[in-house]
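Please go through the model below. The briefing that follows is grouped by topic.

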Amino acid sequence: MIALLVRRTLFLIPVLLGGSAIVFFLIHSAPGDPIDALMGMYASPEAREALRIKYGLNDPLLAQYFRWLGLVLQGDWGMSIQQRVPVLPLVLEKFWITILLTSAASLFAAIVGISAGIISAVKQNSWIDHLILILSVFALSMPPYWLGLIAIFVFSVQLGWLPTGGLYSFSGQMELFDVLKHLIMPAIVAGLTPAAIIARVTRAAMLEVLKLDFMTALRAKGLRERTIVLGHAFRNALPTVVSMTGLQIGYLILGAALFVEIIFSWPGLGLEIYKSVVGRDMPMMLGLVLFSTFIFVVLNLAVDIIYRVINPRVREA
Amino acid sequence: MQQHFRTIDPGAGKVPQPDELLRVEDLRTHFHTRHGIAKSVDGVDFHLSKGEHLGLIGESGSGKSVTALSVMRLVREPGRIVGGSIHFEGQDLLGLDAQSMRRLRGSRISMIFQDPLNHLDPVMKIGDWISETLTLHKGVGRKAAYVEAARILKVLKVASPEDVLRAYPFQLSGGMCQRVLIATAIITGPALLIADEATSALDVTVQASILRNLDELTDIFGTAVLLTTHNMLVVRQACTRVMVMYGGRIVESCDTDVLFRNPMHPYTVGLLDSVPALERIGEPLRPMAGEPPLPTEDIVGCKFYGRCPIRRPVCQEMRPPLAEVESGHWSACFFPEESRSKISS
């Protein structure tokens, strides 16, 4: 187990190196000039050139990459061109705000998705199974940014129940409650698609288990149906559910959360990525994307390890 | 009409014996499929005394497993018990509510299965699997249940029970898994153990030792056994009385040694003939001609008619009732005496 952990952790190094290279060259091959974004169109060519030299933008791309990589490894992620602050502390700060949203969204997705999946499987082909199918197709087909706009329109503008966005208000209410109120809508909007996917996967995995022979053996033991479904069938479906849930949480951090943060002005990594792209803030962009890659890879490793812990056939073989 | 030709239970009409444990009357379990209604169990009567070992023999699809599952009320959809009654220890099982039935399962009636590996929870340790039953029905704590489980496994001649209790099913052999299922089934001291093809998936040598194990344990607990199998030799080793099933009906019922000595139904004769035997070495095997009828076929008369070597027109028109041919020997054939002579000649 420990050997595996070490092996898999070492394996992260080439993955992250490859990821960093892809991120770096991709961003540099994108059109747009950070100098233009920073100085506007009326700056003199000399001033532009001076700034280009200052940021090393005239060097060959490969040299720029290795210089950047060297600095990144030393913990120097550069300065944000737009905000004039070091990238790394800013990324870490934004990371925790995103984690808050992602955790809430994941929790929602896992609870709703897994419960719906189990109910669907146990009541296969009943009206509730069909209803869950319809709801999950709806959740899968609605883009989160559209759903977010509709939710804001209904719950904030029309009903006035929830704030339209942001992390907290300045009215000086009880803080935790205030943050929760801001959290609930973006978390549900971000979690809806993963919830639907988790529900589908859980249903399929449960049906697979429920048709196995040992279900009859469990009933022959005199166990309650609830024990059979939750204690045995779900326990067997768990490895599949966990690996899919883990993947979904990864996508949440990088994907859905990005759109949702923009719609709800949630000041996390996603909103920051958006701002850095619009502002051609290359060091910021690089830092944000590299960090997100890192999180995604680590999360996958965690899922792999959990998968082993809960699946004796993989663990003991 | 139907009522008139109902099978007669061996022992029906008699006063219930004081040691009677299980009485099944006119049991009908049908499967409603797209191709029609499959009458897998089509009017079965039998009884079982306390501690008795009763064999239920038949080929695949004869309805023996469905009969076994019906007694447990564990027939899966689209199967349903549509008629008859099952009395166990004086209670009408078909009239019980789900909860009372569940309390009987695993405590008063247990079941073991063919293909033991697939009847264990793949991600549950053996020790937890066995003690789960004991905890459920007897309220025994986990630790005490483990001790009891180890004790039972020891009786089953398991060399290192502690290791087995710590293992997962996929780490054990088929024979060991079956011992685990037996231990789980018997640990609560049930009055009836239903063994559905319990040895069919095992090596012949393992088969014999499992059957011996089963014998010993059920003797200790005074447990009756209903054993379904397609293997004549298993019945011979494990059962005192045997019923032959064909097309969802019981066609012959008698003591095991009588069945081998003096079969009274052409189907039984065919079955016995198709068993390879030492005294017929060098002779070609004698498989039975033809196929059993489809369970969805609507047959008025004898279900064996299509394959019967001694059939007469009457067999197609009327269903031969299970009648007592000689004391304790029941046959559902209009011409039981001819069965043996006609075929062996």
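**Nonpolar cores**

B:Ala183 and B:Ile194 touch the most other members of the largest nonpolar core, which has 98 residues. Helix H6 (residues 174-186) of chain B supplies the largest share of this core, eight residues. Apart from it lies another core, of 63 residues, including A:Ile81, A:Ala116, A:Ala151 and A:Leu271.

This is a predicted model: local features need pLDDT of at least 70, side-chain atom pairs count only at pLDDT 80 or more, and totals for chains, interfaces and linings use all residues. Residues are numbered from 1 along each chain as its sequence is written, while chains are lettered from A and ligands numbered from 1 in the order in which they are written.

- A nonpolar core here is a set of buried Ala, Val, Leu, Ile, Met, Phe, Trp, Tyr and Cys residues joined through C-beta atoms within 7 Å.
- Buried means 20 or more other C-beta atoms within 10 Å of the residue's own; exposed means 12 or fewer; partly exposed lies in between, with C-beta atoms placed from the backbone.
- Leaving aside neighbours within four places in sequence, B:Ala183 is in contact (C-beta atoms, placed from the backbone, within 7 Å) with B:Ile130, B:Ala149, B:Ile152, B:Leu153 and B:Leu156.

**Strands of chain B**

- Helices (H or I, at least four residues) and strands (E, at least two) are DSSP runs, numbered from the N terminus. Strands pair if DSSP finds at least two bridges between them.
- An open sheet of four strands runs in the order S2-S1-S4-S5 (chain B), with antiparallel pairing. Strand S2 (36-49) and strand S5 (91-92) of chain B are at its edges; each has a single partner strand, so one side of each is left without a neighbour in the sheet.
- Strand S1 (residues 20-33) and strand S4 (residues 79-88) of chain B run antiparallel and are joined by eight bridges. B:Arg23 has B:His87 in S4(B) as its bridge partner.
- Strand S10 (residues 249-255) of chain B is mostly covered, with six of its seven residues buried.
- S10(B) pairs with strand S9 (residues 241-246) of chain B in the antiparallel sense, over six bridges. B:Val242 stands opposite B:Cys254 in S10(B).
- A hairpin is formed by S9(B) and S10(B), with two residues between them. B:Gly247 in the turn has a positive phi of about 60°.
- S10(B) also pairs with strand S12 (residues 329-331) of chain B, antiparallel and over two bridges. There B:Glu252 stands opposite B:Ser331 in S12(B).

**Domains of chain B**

- The domain assignment, automatic or from a database, gives domain 1 (3-48 + 58-97 + 243-344) and domain 2 (116-189) of chain B. Their C-alpha centres lie 34 Å apart.

**Interface**

- In chain B, 25 residues are in contact with 18 residues of chain A.
- Helix H2 (98-104), strand S6 (109-112) and helix H3 (126-138) of chain B each give two or more residues to the side that touches chain A. H3(B) gives the most, with four residues.

**Chain A**

- A UniProt record (unreviewed entry) places the feature "transmembrane region" at residues 95-119, 131-159, 179-201, 241-264 and 284-307 of chain A. UniProt positions follow the numbering used here, feature names are shortened, and annotations may be inferred rather than shown by experiment.
- Residues 179-201 of chain A are 100% helix and 0% strand, with end C-alpha atoms 32 Å apart.
- A:Ala30 sits in the loop between helix H1 (2-29) and helix H2 (34-39) of chain A. A:Ala30 is exposed because 11 other C-beta atoms lie within 10 Å.

Methods
Two residues are in contact if their C-beta atoms, placed from the backbone, lie within 7 Å.
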